[in-house]
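Please keep the structure in view while reading the points below.

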Amino acid sequence: MLSHSIGDFQMKYTVLFIAVLLVAAALIAGCSQQQANNQTTAGSSPQGNVVKVGVIASLTGPASNVGTSMWQSAQVAADKINANGGVTMKDGSKAQLKLIVGDDESTQTGGQTAATKLITDDNVDLLVGGYSSAVTSSYEQTIAEYKVPYIVTGASSPIITHRTDIDTSFIDHHCPTTDTYGQYTTTFIDQVMRPAIDQKFSFASSRPFRLALMYQDTAFGKGVQAAVNNTITNNKLNVQLVAQQSFKMGESDFRTQLTAIKAANPDAVYLAAFPNEGAPLITQARRDIGLNTIFLNVENNDNAQFYKDLGQYGDGAIIESRFSPYTAPSGAVADAQSAFKQAYFAKFGTNPDMMGASTYDGVFIAAQAVGNAGTTDKTAVNQALATLKMPQVIEAMKDNTISFSPDYRESSFDLWMEQLSFNATAGEPRPSIVWPDNLKTTGFTIPSWYVPGTSS
């Protein structure tokens, strides 16, 4: 009797155990199917109402000054977008922006690592940033492989979207290329500086302007070099290149190249350098070499630290620009730039720079593209970028509109030239816009200490 009861007891629990196993198996199968469904639709709409934007910036290494401003500016942009409700999708729903930074360490290896991690580990929906052209171009193959939309806001070499060895169709260029600003600056030299110096020193108008070029030995620097040479040749300008010297990225002692340039007797020197290179270069030229000439700088040097590092030696220098921490042209973008500068200073206690402004724009472009696409599907977002037409944000754009050209997916900016003058109160120089005429706040001047070049 007892044996029979024990057997019944064992049988009941065996049946119950099997039933539990069957239910568990069914639940697991259901969860697995749900996970599969989630994986299938993950790219079609923001997960958890979040759009993940990867920001590639140089937080360490030679370009860290600019890279930090890019990353911080991206945060200011995301703060503003999220405070206003986030990204507005086609169906009227909202999604918050989530930024994830990748430090490219100012190196090609670091750039590859940062891009790969953002894409494969962080699963970002699209990318913004990229400063050094050499670094950015080194991981473009990864962008092509994973087909992730990338809004480049700093690397200015045309190779970023002009190269044909890989597919660049998912890359959009939101900064002027070296072709654009190299030509612009060379035109300024010919149209403004050359006649002013001829008049000041009673030179014949037939006398060629003596220009020296000093450039970073990278895609960026070589791009400026090519633009200057091509502009002079193609436009038959009365400008003679009397010296062309290169230096390695991150170099800090330029006295050898500057001594050679001084021996060439230039009327001016055009620098293709990062801010951490340009400031010591100009200082060494004037303080140590006695090269009392006017130095022209590319736009990435419109940077608060650059002004501080230059001190008194920045007096008279020229910067091609589209955004400055200390000035702005009157018009549509002035108020927007002022609001950005105030928000940036309130958050970080410093002033933003040009590459930061471009990256600020880039985050707004990313948000608009996702909203227009109505999805985070990468192909759809890329198509939305190709057809994008949105009002300018804080940088002055051609026709007041941000859009990308159909050939190389480049946006078009309104540029200007600034001249620096030493401000004794600040203990560093401050810029004024001197060209073109419709934007200038003062005229170009020749400093009292300036010494022109000679042909002997």
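Asp 335 is exposed, because its relative accessible area is 66%, where exposed means over 50%, buried under 20% and partly exposed in between (1.4 Å probe, protein chains only). Asp 335 belongs to helix α12; here helices (H or I, at least four residues) and strands (E, at least two) are DSSP runs, numbered from the N terminus. The C-alpha atoms of Asp 335 and Ile 394 are 8.5 Å apart, although 59 residues separate the two along the chain.

The structure is a predicted model, in which local features need pLDDT of at least 70 and side-chain atom pairs count only at pLDDT 80 or more, while totals for chains, interfaces and linings use all residues. Residues are numbered from 1 along each chain as its sequence is written, and side-chain values use heavy atoms, with hydrogens and water left out.

**Overall composition**

- The protein contains 14 helices and 15 strands.
- Of its 456 residues, 53% count as buried.
- Contact means heavy atoms within 4.5 Å; among contacts in the protein with a separation of 6 or more, 68% are between residues 24 or more positions apart.

**Packing of helices α2 and α12**

- Two packed helices are described by the angle between their axes and the distance between the axes.
- Helix α2 (residues 64–83) packs against helix α12 (residues 334–348) at an angle of about 105°, and their axes are 10 Å apart.
- Because of this angle, α2 is roughly perpendicular to α12; angles of 65 to 115 degrees count as roughly perpendicular, under 35 as roughly parallel, over 145 as roughly antiparallel and the rest as oblique.
- Axes are lines fitted to C-alpha atoms, for helices over the stretch in contact, and angles run from 0 to 180 degrees between N-to-C directions.
- On the α2 side, the residues in contact include Thr 68, Gln 72 and Val 76, and on the α12 side they include Phe 340, Tyr 344 and Phe 348.
- By class, this contact of α2 with α12 has 5 nonpolar, 5 polar and 2 charged residues; Ala, Val, Leu, Ile, Met, Phe, Trp, Tyr, Cys and Pro count as nonpolar, Asp, Glu, Lys and Arg as charged, and the others, Gly among them, as polar.

- Strands of a sheet pair through backbone hydrogen bonds, either parallel or antiparallel; two strands are taken to pair if DSSP finds at least two bridges between them.
- β1 and β3 are parallel and share 8 bridges, and Ile 56 stands opposite Gly 102 in β3.
- β2 and β3, by contrast, are antiparallel over 2 bridges, with Val 87 opposite Ala 95 in β3.
- The hairpin of β2 and β3 has 5 residues between the strands, and Gly 92 in it takes a positive phi near 90°.

- Strand β7 (residues 209–216) runs parallel to β8 and is joined to β8 by 8 bridges, with Met 214 opposite Gln 245 in β8.

**Nonpolar cores**

- A nonpolar core is a set of buried Ala, Val, Leu, Ile, Met, Phe, Trp, Tyr and Cys residues joined through side-chain atoms within 4.5 Å.
- The largest nonpolar core has 80 residues, of which Leu 97, Phe 188, Met 193, Tyr 270, Leu 296 and Phe 444 touch the most other members.
- Helix α13 (residues 354–373) gives the most to this core, with 12 residues.
- Another core, of 24 residues, lies apart from it and includes Phe 247 and Tyr 307.

**Backbone features**

- Most residues other than glycine have a negative phi, and most peptide bonds are trans.
- Glu 105, in the loop between β3 and α3 (108–121), has a positive phi near 60°.
- Asn 123, in the loop between α3 and β4, has a positive phi near 55°.
- Trp 435 and Pro 436 are joined by a cis peptide bond, with omega about 5°; Pro 436 lies in the segment after β15 (428–435).
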